[in-house]
Amino acid sequence: MRIARANRLTPYMFMAPAAIIMAIALLYPLGYMVWGSFRAWNPSQSIGEAEFVGLRNYIFLWNDPNFHESLIVTLKFAFFVVSLELLIGVGLALLLDRNIRGMSVLRTLFILPMMIAPVVVGLMWRYMYHPTVGTFNTTLESWGLPKVDWLGDHALMSIIIADIWQWTPFIFILSLAALQSLPRSALEAAKIDGATGWQQIIHIKLPLMMPVLIVTCLLRLIDAFKVLEVILVMTAGGPGLSTEILALRISRTATEFRELGVAAAMSNYLLILLLFFTVAMFLFTKWQEARARRLAAAIQEDD
Amino acid sequence: MAAKQERQNPAFYALIAVLVFMSVGPVLLMFVNSFKLDVDIISGSTGLLFLPTIQNYETALCDVLWYEIDHLDFCAIKFGGAFINSLIIALVSTVLTLIIGCMAAYALVRFRFMGRDTVSLTTLMVRMVPPAVLLVPVFGLWNNEFCLDKDGLIGGFIRETMGGRGDVCLAGTHSGIILIYVAMNLPFVIWILQSFIVQVPRSLEEAARVDGAGPFQVFFKVVLPLIKPGLAAAAIFTFRIAWNEYLLASALSDRDTKTVPILIVNNMSEFNVEWGVIMATGMLLAIPPIIFTLFASRQIITGMTAGAVKG
């Protein structure tokens, strides 16, 4: 009897430390943030002393042109980063999916950028983009080409390039792993039927890789909204608001403008946005699975 | 047959060379520049013709060097202290996350219990929360709520022994930063380890149970040794995040608990950047992750693919 009860308690005992820590340090803070977003709250007050202002912070942000600007910058950044990385990463994986010597060395070198601290990545790129001493402009100059104002007029493009440098390998490695685990039989059959390289890619490889690609895409999308340090070091959001993504704006509202209530409301908007993307992506996968199942059923009926 | 080495055309190798150059180039550039004097960096001589100097590293490490440095009157960058803080925080949070995370992953995979689906879904959802979102509540809570009263038993003891004023709060301590890192990394570690634990054959566990092992013995003596590759991968990823994180550490740390990323950002924000020194500090921060990459790239790739492909 005692043993039976101990067995029933076992999973909870295994689960308890993680559940307690996540409840204290993730869920409770998130609830605290929602609560705080309804208050005019500055860092020197505790939350109880802050005045309750209802939805004022949310309405203020809804009409705030700076917030709109930074929302647009965030969406642009996320869109370009994810789509370009997906394009380049999958393209490279399709190109390099061959038996060549030293592939493992190559992969090691490719994951290097991902492991380095975002702060350091920002530092490297800030140096390379430097208007006078930076690598890009000195190279352009030595070729007799005009200089480019990387972190001025083209700041958004420059941070997108830096992110592509750091994270394309992630997509490359995952798609390569997916490619190499594809069933050989389908590819052999296509070859025998005389499919060209492009036909193989479009009709066989890409559809079979789709589940992995969608997960990868989702992971990158979520991460694109987390990027902060690289941009902070490279441009600090400037010039103007041209690179001030939401995460950066939240941290500046909290630390520079000392408006914790507004920052909390902004965090909630960001969370809602992320939730929307995640759910949309999830539903899309479900819909695709359902369609694939229907197709499979139809084919079986034909037989 | 698949292992046959095909002959590729030269353009293919050229492409690979370009890719390698592109991914490693910036890191090499920083490495080279960290051995240059500021004069050499600014004069724009991109060539390799310069006299390498370790002066930048000396400036960065001035608080831990055992000898006097001639070119420096005052030690402004306390890199040594920050490095030790980073090391303590990253190592402790990695170990804690791994222990707690693999226990939770094991429970989620092997047991059917009430609330399992809720826990599993919550874990997935909190994975998408950006650190910036946690900034405000964590700042508020760690400073105002997660405190011990200074008149209380433990709080009074800490104030007496460590000094200082006010209530004893989590903010500004190593444990405060460690707590949020553990919480932040747990969902990810649980997610990765689940896919490794699923592969452990149930029969092994049952055999151990028949031999009279309790659930904890089964877990620590049978399951843990079998998922070592997964643990290695999870450890590297957790360490990487704890080692590299800037935002939350900057909100929670005080003068004595600063980590290296904070040090770098603080020295960058000034208008006149000392490129040589800052690149030397950057290089020192990047060395542990680079070492991991070179020696454990297989585990890293396994971990990455386990998280996305199988998940």
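Guide: A definition comes before the questions: a crossing of helices is left-handed if the near helix is turned anticlockwise from the far one by less than a right angle, and right-handed if clockwise. Please also keep in mind that this is a predicted model.

Visitor: What is the handedness of the crossing of α7(A) and α9(A)?
Guide: α7(A) and helix α9 (residues 197–224) of chain A pack with their axes 10 Å apart and at an angle of about 145°. By the clockwise or anticlockwise criterion just given, the crossing of these two helices is right-handed.

Visitor: How many nonpolar residues does the contact of α7(A) with α9(A) have?
Guide: On the side of α7(A), the residues are Trp167(A), Ile171(A), Leu174(A), Ser175(A), Ala178(A) and Leu179(A), and they meet Lys205(A), Met209(A), Val212(A), Leu213(A), Thr216(A) and Arg220(A) of α9(A). Sorted by class, this contact has 2 charged residues, 2 polar residues and, to end on the class asked for, 8 nonpolar residues.

Visitor: Are α4(A) and α7(A) parallel or oblique to each other?
Guide: Helix α4 (residues 103–115) of chain A and helix α7 (residues 155–180) of chain A have axes that come within 7 Å and cross at roughly 135°. Angles from 65 to 115 degrees count as roughly perpendicular, those under 35 as roughly parallel and those over 145 as roughly antiparallel, with the rest taken as oblique. The two helices are therefore oblique.

Visitor: In which hand does α4(A) pass α7(A), and which residues of α4(A) make the contact?
Guide: The crossing in which α4(A) passes α7(A) is left-handed. From α7(A) the contact draws on Trp165(A), Gln166(A), Trp167(A), Pro169(A), Phe170(A), Phe172(A) and Ile173(A), while from α4(A) come Arg107(A), Phe110(A), Ile111(A), Pro113(A) and Met114(A).

Visitor: How many residues of helix α5 of chain A are buried?
Guide: The buried residues of α5(A) include Pro118(A), Gly122(A), Trp125(A), Arg126(A) and Met128(A). The helix, residues 118–128, is largely enclosed by the rest of the structure, because the buried count is 11 of the 11 residues.

Visitor: What radius of gyration does chain A have?
Guide: Chain A has 12 helices and 2 strands. For its 303 residues the globule rule gives 19 Å, and chain A lies well over that value, so it is more spread out than a compact globule, with a radius of gyration of 25 Å.

Visitor: What share of the residues in chain B is buried?
Guide: Chain B has 14 helices and 2 strands. A residue is buried if 20 or more other C-beta atoms lie within 10 Å of its own. Among the 311 residues of chain B, the buried ones make up 42%.

Visitor: Which helix of chain B gives the most to the side of chain B that touches chain A?
Guide: The contact takes 72 residues from chain A and 77 residues from chain B. The residues on the side of chain B divide into 3 charged, 14 polar and 60 nonpolar. With 18 residues, the element that gives the most to this side is helix α14 (residues 275–310) of chain B.

Visitor: Which residues does Phe111(B) touch?
Guide: Phe111(B) is placed in the loop between α4 (79–110) and α5 (116–126) of chain B. It counts as partly exposed because it has 16 C-beta neighbours inside 10 Å. Not counting residues up to four places away in sequence, Phe111(B) touches Thr10(A) and Pro11(A).

Note on methods:
Residues numbered from 1 in each chain as written. Chains lettered and ligands numbered in written order. Predicted model: local features only at pLDDT ≥ 70, side-chain atom pairs only at ≥ 80, totals over all residues. Contact = placed C-beta atoms within 7 Å. Helix = DSSP H or I, 4+ residues; strand = E, 2+ residues; numbered from the N terminus. Nonpolar A, V, L, I, M, F, W, Y, C, P; charged D, E, K, R; others polar. Rg over C-alpha atoms; globule rule 2.2 N^0.38 Å. Axes fitted to C-alpha atoms, helices over the stretch in contact; angles between N-to-C directions. Buried ≥ 20, exposed ≤ 12 C-beta atoms within 10 Å, placed from the backbone.
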